[in-house]
Amino acid sequence: MATAAQVKALVESHSLGDEARFRSVVLQITEAATRTGRTRYAEEVRALLDAGRTARSAGAGLPARAVPLAQPRGELAGVLTVEQPGTRLADVALGADVMSRLHRVLAEQRRQDTLRAHGFDPVRRLLLTGPSGTGKSMTAHALASELLLPVFTVPLDAVAELDADEATAKLRLVFDLVAQTRAVYLFDDLDALLDPARRSATDAGSGAGSGARDALRSFTTLLAQDASTSLVVATSNRPQLLERSVLRRFDALVDYPLPTTGVVHEVVLRRLREFDLSAVEWPRVASTASGLSHEEVSAAARAAAKQSLLEGRRHVETAALLGALRERRQVLKMAP
Ligand SMILES: Nc1ncnc2c1ncn2[C@@H]1O[C@H](COP(=O)(O)OP(=O)(O)O)[C@@H](O)[C@H]1O
Ligand SMILES: [Mg+2]
């Protein structure tokens, strides 16, 4: 393990952007590890160092910049937030098919040194598609938590509000960070870059919607150049509107359907862990939930549980769940 002095030297050289010193301290650490028999650890650290160098040379021309790990400030404030999520993958109720694909992503991420040693790249650019409220953003958090990585979220609707040059500049900064700091990067809602109507009316000077479209082009280019060890996760509710040139930049596309009968059951169980659900008639619940998203089912479960608590019960009755689900359906019907 690194000594206190080495950790200090790492932080110092990183914040000063002193690449040569940073590398030399890392190499000291890996040499010491090799001497004491921790060869696998040494290999992993060396692979990370090399991956960082490859990533930076792929983005040639970009300024070498020290990026703080604390909440992004300055130029990245507003287009990037960071969290250390606690959601586990087991908290996300998903069909077996989607779940097994996500487990494969995790396995490839965890064993990326092995894959790279044989000339393979792990899956590291994921596009999650499907209706709103089916768990796409939640999945990005869960993957980060399983990999013990922080998650950086880029709300693309905020990027779409910027003019074209500013949006491109900020996306470049984000991708600098992708290369420098291994993490999960959630580019939330690619559709925001498609829809000119979402852009602010005061921004007419740059041409309606052109900034958003340029941002999408920049995103696609930067994603193609990315050779990092980070995991990039983008989401889209309307993938049919995305061009092939965008879609083909991703290593894997995972589609999130509305919950099936079994998954509705899982969503309610996960949401109401502390409640007695033994009297619930699940087939009736599932048929009333048909067409609702996981998020809607989860909200209905919460409403039913609150009602039960206020009526002095620790068990949730079918009628309360059905009532709450019907209310969610009413709300949806009123939506445009
Ligand atoms: N598959 C799921 N399993 C359990 N809860 C879910 C699931 N999908 C959504 N939810 C609930 O709905 C909320 C919003 O989901 P989110 O991941 O933001 O949906 P999306 O990104 O697909 O629009 C979550 O925080 C969670 O409470
Ligand atoms: Mg989302």
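Visitor: Which residues is R270 in contact with, leaving aside its neighbours within four places in sequence?

Guide: A90, D91, V92 and A93. Contact means heavy atoms within 4.5 Å. One caution first: this is a predicted model, where local features need pLDDT of at least 70, side-chain atom pairs count only at pLDDT 80 or more, and totals for chains, interfaces and linings use all residues. Residues are numbered from 1 along each chain as its sequence is written, chains are lettered from A and ligands numbered from 1 in the order in which they are written, and side-chain values use heavy atoms, leaving out hydrogens and water.

Visitor: Why is R270 called partly exposed?

Guide: Its relative accessible area is 23%. Buried means under 20%, exposed over 50%, and partly exposed in between, with a 1.4 Å probe and protein chains only. The value 23% falls in between, so R270 is partly exposed. R270 is found in helix 11, residues 261-271. Helices are DSSP runs of H or I, at least four residues; strands are runs of E, at least two; both are numbered from the N terminus.

Visitor: How far apart are R270 and A301 in sequence and in space?

Guide: 31 residues in sequence. C-alpha to C-alpha, the distance is 9.8 Å.

Visitor: What makes helix 6 mostly covered?

Guide: Nine of its 11 residues, in the run 136-146, are buried. Among them are K136, H141, L143 and E146. The cover includes strand 1 (81-83), helix 4 (96-110) and strands 2, 3, 4 and 5. Just after helix 6, L148 takes a positive phi of about 55°.

Visitor: Which residues come nearest to ligand 1?

Guide: A93, G133, K136, S137 and M138, out of 15 residues around ligand 1. A residue qualifies if one of its heavy atoms lies within 4 Å of the ligand.

Visitor: Why is the pair R124 and D226 called a salt bridge?

Guide: A salt bridge is a side-chain nitrogen of Lys or Arg within 4 Å of a carboxyl oxygen of Asp or Glu. Here N to O is 2.9 Å, so the pair passes. The two residues are 102 apart: R124 in the loop between helix 5 (112-117) and strand 2 (125-129), D226 in the loop between helix 9 and strand 5. Both are buried.

Visitor: What else belongs to the network with R124 and D226?

Guide: R116 and D121. They form a salt bridge with N and O atoms 3.0 Å apart. R116 has 26% relative accessibility, so it counts as partly exposed. By the same rule, the count comes to 12 salt bridges.

Visitor: What makes E311 and R313 a salt bridge, and are they buried or partly exposed?

Guide: Their closest N and O atoms are 2.0 Å apart, and the limit is 4 Å. E311, at 45%, is partly exposed. R313, at 18%, is buried.

Visitor: Which residues touch the most other members of the largest nonpolar core?

Guide: L156, V159, F187, L190, F219 and F250, in a core of 35 residues. Such a core is a set of buried Ala, Val, Leu, Ile, Met, Phe, Trp, Tyr and Cys residues joined through side-chain atoms within 4.5 Å. Elements giving at least two residues each include strand 3 (151-155), strand 4 (184-188) and helix 9 (210-225). Helix 8 gives the most, seven residues.

Visitor: What does F250 touch, beyond residues up to four places away in sequence?

Guide: R125, L126, L127, L190, F219, L223 and A234. Apart from this core lies another, of 25 residues, among them A140, A142, L231 and Y256.

Visitor: How many helices and strands has the protein chain?

Guide: 14 helices and six strands. Of its 336 residues, 45% count as buried.
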